[in-house]
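Morning, everyone. Please take a look at the model on the screen, and then I'll walk you through some of its details.

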Amino acid sequence: MRRGGWAALALGLLRLCLAQANFAPHFFDNGVGSTNGNMALFSLPEDTPVGSHVYTLNGTDPEGDPISYHISFDPSARSVFSVDPTFGNITLVEELDREREDEIEAIISISDGLNLVAEKVVILVTDANDEAPRFIQEPYVVLVPEDIPAGSSIFKVHAVDRDTGSGGSVTYFLQNLHSPFAVDRHSGVLRLQPEATLDYERSRTHYIPVVAKGSEVLKVVAMDGDRGKPNRILYSLVNGSDGAFEINQTSGDISVRQSPAQLQREVYELHVQVTEISPVGSPAAQAIVPVTIRIVDLNNHPPTFYGESGPQNRFELSMNEHPPQGEILRGLKITVNDSDQGANAKFNLQLVGARGIFRVVPQTVLNEAQVTIIVENSAAIDFEKSKVLTFKLLAVEVNTPEKFSSTADVVIQLLDTNDNVPKFNSHYYVARIPENAPGGSSVVAVTAVDPDTGHWGEVKYSIYGTGADLFLIHPSTGLIYTQPWASLDAEATARYNFFVKAEDMEGKYSVAEVFITLSDVNDHRPQFGNSIQKKTMVLGTPVKIEAIDEDAEEPNNLVDYSITHAEPANVFDIDAHTGEIWLKNSIRSLDALHNITPGRDCIWSLEVQAKDRGSPSFSTTALLKIDITDAETLSRSPMAAFLIQTKDNPMKAVGVLAGTMATVVAITVLISTATFWRNKKSNKVLPVRRVVRKRSAPAPRTIRIEWLKSKSAKAATKFVLKEKPPNENCNNNSPESSLPPRAPALPPPPSVAPSMGAAHWTVPTVSGSLTPQQSQPPPNPKTMGSPVQSTLISELKQKFEKKSVHSKAYF
């Protein structure tokens with residue numbers, strides 16, 4: 001691999017390492033009641049003024065990168081808060097109303113520019129005493145008989161305060177203290193006072209103003225002993241309150257200043273001081289009265305999480321990744337408890353931030369329970385995705401107005417296991433190398449990654465398959481290269497295909513496919529079948545030469561043809577692409593051809609060249625001898641036409657003759673066999689005392705075949721080439737005689753076929769002659785064989801004798 005390639009690979013690995021090392025930012029969790037951190041279990045009074053800075057988001061990035069903060073809400077909900085993205089300051093931008101919305105869900109997020117961490121938070125809106133009690137179904141009209149006994153109940157009024165806690169508790173009292181009626185301050189039951197009576201004649205109607213007021217616990221009433229002009233009386237608490245109660249200095253109403261959760265005692269002993277104020281404004285007489293307030297079934301304890309050593313709000317555990325589905329996290333010892341009684345001690349448990357990976361059991365608790373966390377999604381507990389899992393365990397009261405709650409952090413450190421298979425970055429690798437590449441040349445580098453850590457993440461490469469014999473792979477780097485002794489040849493094998501395997505230390509593996517193509521190099525020159533080509537041309541029909549270039553690809557194996565030498569040079573043309581050679585258009589007869597040269601030649605010798613289109617280009621030359629005849633001569637002799645057609649393939653003529661003889665032999669054997677079985681069958685039905693004439697058995701098949709072979713051999717010996725002295729007038733040095741040679745008779749057919757006799761035919765030629773070994777009758781001048789026929793027979797005889805040695809063909 002070149003230096004640039006290694007540098008790019010190193011840079012890519014560095015980026016990958018940096019990307020894997022960039023950890024996500026996270027919020028700080030500063031616990032319940034904090035105003036700085038991740039807004040977990042943050043509560044806000046409903047009477048908080050708009051524009052107030054109510055909270056500060058705070059977090060950090062492990063790499064120290066700058067972080068930004070964001071807050072968003074569901075599209076269907078109000079955007080109650082805004083946040084400063086740089087400093088995390090959260091500002092209230094809309095009014096709160098606990099009676100309309102007691103919880104606000106928001107999504108807060110922290111980002112370092114690369115990673116974004118988002119959490120869903122629930123902001124509790126706490127109650128403020130901002131709602132006035134309202135009577136139900138007022139005005140009240142009650143019919144009472146005048147003789148109703150003193151102290152009897154007359155009616156019950158009911159008022160509702162939408163506030164919660166102490167702000168939602170309603171007390172009743174009469175505005176007119178001198179009324180004959182009285183009302184129970186807690187139940188709202190109206191009664192006739194014990195010493196009062198009703199008189200219809202004196203007053204038919206009584207208007208009784210009843211006041212409903214919240215947060216009051218008790219009303220202390222003091223009266224000045226002077227009946228004439230009583231002095232103004234002021235009320236105050238001397239001690240025993242501990243800041244939990246207050247008294248109205250003019251009305252004497254005692255109300256709760258703290259939320260029920262802040263009341264730490266069940267009994268409060270208050271001392272109320274009453275001071276008489278003189279007309280001049282100075283204190284006069286004073287009196288102190290004790291007031292006892294007992295707290296009954298107060299919800300003043302939130303749910304609390306406990307570990308093995310006491311209250312605990314953080315639990316940690318180490319475990320292997322991908323535990324079995326449904327497994328219990330037994331390393332966590334968590335207990336939750338609410339010290340209140342009855343409905344005040346009922347609360348729900350839920351997981352916040354677990355994203356469906358775990359579930360908690362039980363989900364509803366009364367007083368106390370052992371907390372169990374169960375694996376819900378094993379696939380998500382993946383060391384390669386997150387090495388640490390963090391979520392919150394939340395306990396929230398169910399039926400109490402305060403809905404006290406508490407949280408505990410659960411931190412799980414994951415341990416790596418060999419749960420991943422090495423994976424190639426591609427299913428296929430394609431490479432191309434030149435066929436003349438030396439042994440040990442680099443081909444292609446494959447890469448597989450195993451996300452596991454330690455020795456589980458180490459990858460070993462290997463190759464296998466039928467096409468892998470000439471290649472090696474580095475077991476650690478994945479570089480594929482050729483064997484040191486490899487000699488590549490695109491003409492022998494142009495493509496190789498095999499498989500590469502990436503395997504970790506425990507045998508887990510994956511496979512990819514490699515395709516290697518050899519680039520062709522122009523290392524072959526075009527080749528003719530023979531250095532001397534012989535063709536027979538019929539006027540008007542071209543002859544074709546062909547050279548084969550064994551290179552594997554174009555243009556290295558594309559061949560162009562040309563005539564490099566011919567005398568005279570104006571007789572033939574050649575197609576450079578197809579290799580077809582034809583006479584020029586001006587030559588349309590043998591006479592025109594003979595007139596070109598004084599020797600009236602019929603055979604021409606040309607030097608032709610085949611040249612490939614590669615770079616560098618290679619070429620080959622060959623000598624081409626062309627016999628020229630015309631169609632009229634061929635039409636007078638069918639045998640000559642057949643010989644011309646089979647001139648370049650003498651085995652075709654041999655095959656036709658052999659096929660004819662084999663057919664005759666087969667028919668003869670079939671007829672003889674049928675006759676034999678018919679005679680044999682007819683002999684069986686003759687009388688017992690019949691005269692049996694012994695028939696001569698047919699000759700064995702092997703004897704008949706040998707006879708056919710001898711007959712074929714005798715026929716072949718008739719073709720004997722006789723060389724003539726050279727003719728100085730011919731450009732191809734062909735022999736010439738004063739009289740044309742006699743054509744040989746055709747081989748006699750088998751004896752079973754009718755004899756056709758020898759035919760006498762002539763083809764004009766000057767290339768040679770054939771003379772039969774047996775004596776022939778004197779030639780007839782009218783039926784003398786032509787030189788072309790003799791030449792064709794001579795060439796056929798030579799090619800037949802040459803090929804018969806290798807093919808072992810028999811007649």
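**Rings, cores and strands**

Buried means under 20% relative accessible area, exposed means over 50%, and partly exposed is in between, using a 1.4 Å probe and protein chains only.

Before I go on, some ground rules. This is a predicted model, where local features need pLDDT of at least 70 and side-chain atom pairs count only at pLDDT 80 or more, while totals for chains, interfaces and linings use all residues. Residues are numbered from 1 along each chain as its sequence is written, and side-chain values use heavy atoms, with hydrogens and water left out.

Back to F81. What kind of aromatic pair do F73 and F81 form? A stacked one: 6.4 Å centre to centre, with 20 degrees between the planes. The rule is this: rings of Phe, Tyr and Trp (its six-membered ring) pair if their centres lie within 6.5 Å. Planes under 30 degrees apart count as stacked, over 60 as edge-to-face, and the rest as tilted. F73 is buried too, at 15% relative accessible area.

By this rule there are 16 aromatic pairs. One of them is F27 with Y69, which is tilted: 6.3 Å between centres and 35 degrees between planes. F27 lies in strand 1 (residues 26-27) and Y69 in strand 6 (residues 68-72), so this pair ties together parts that are 42 residues apart in sequence. Strands, by the way, are DSSP runs of E with at least two residues, numbered from the N terminus. F27 and Y69 are both buried. Ring pairs also link F135, Y140, F155 and Y172 into a cluster.

The test: NZ of Lys or CZ of Arg must be within 6 Å of the ring centre and within 35 degrees of the ring normal. K387 lies over the face of F383, 4.9 Å from the ring centre. K501 lies over the face of Y509, at 5.1 Å.

Now the cores. In soluble globular proteins, nonpolar side chains tend to be buried together. A nonpolar core here is a set of buried Ala, Val, Leu, Ile, Met, Phe, Trp, Tyr and Cys residues joined through side-chain atoms within 4.5 Å. The largest one has 30 residues, and F305, L329, L349, F358, L393 and I412 touch the most other members. Several strands give two or more residues to this core, including strand 28 (346-352), strand 29 (358-361) and strand 31 (368-375). There is a second, separate core of 27 residues, with I433, V443, A448 and Y496 among them.

Let's stay with strand 31. Two strands pair if DSSP finds at least two bridges between them. Strand 27 and strand 31 pair in the antiparallel sense over four bridges, and V336 has A369 as its bridge partner. Strand 29 and strand 31 are also antiparallel, over four bridges. There, R359 stands opposite I374.

Elsewhere, four strands form an open sheet in the order 2-4-8-7, with mixed pairing. Which are the edge strands? They are strand 2 (36-37) and strand 7 (81-83), and each pairs on one side only. Strand 2 and strand 4 (residues 53-57) pair in the parallel sense over two bridges, with G37 opposite L57.

Next, the backbone. Most residues other than glycine have a negative phi, and most peptide bonds are trans. Here are some exceptions. R355, in the loop between strand 28 and strand 29, has a positive phi near 55 degrees. R355 is exposed, at 64%. N367 has a positive phi of about 75 degrees, and is partly exposed at 26%. A cis peptide bond joins V361 and P362, with omega about -5 degrees. Another joins E554 and P555, with omega about 0 degrees.

Last stop: N420, in the loop between strand 33 and strand 34 (423-424). Is N420 buried or exposed? Buried, at 17%. Its side chain makes polar contacts with the side chains of D419, at 3.0 Å, and D452, at 2.9 Å. A polar contact is a pair of N or O atoms within 3.5 Å; within protein, one must be able to donate a hydrogen and the other to accept it, and residues adjacent in sequence count only if both atoms are side-chain atoms.
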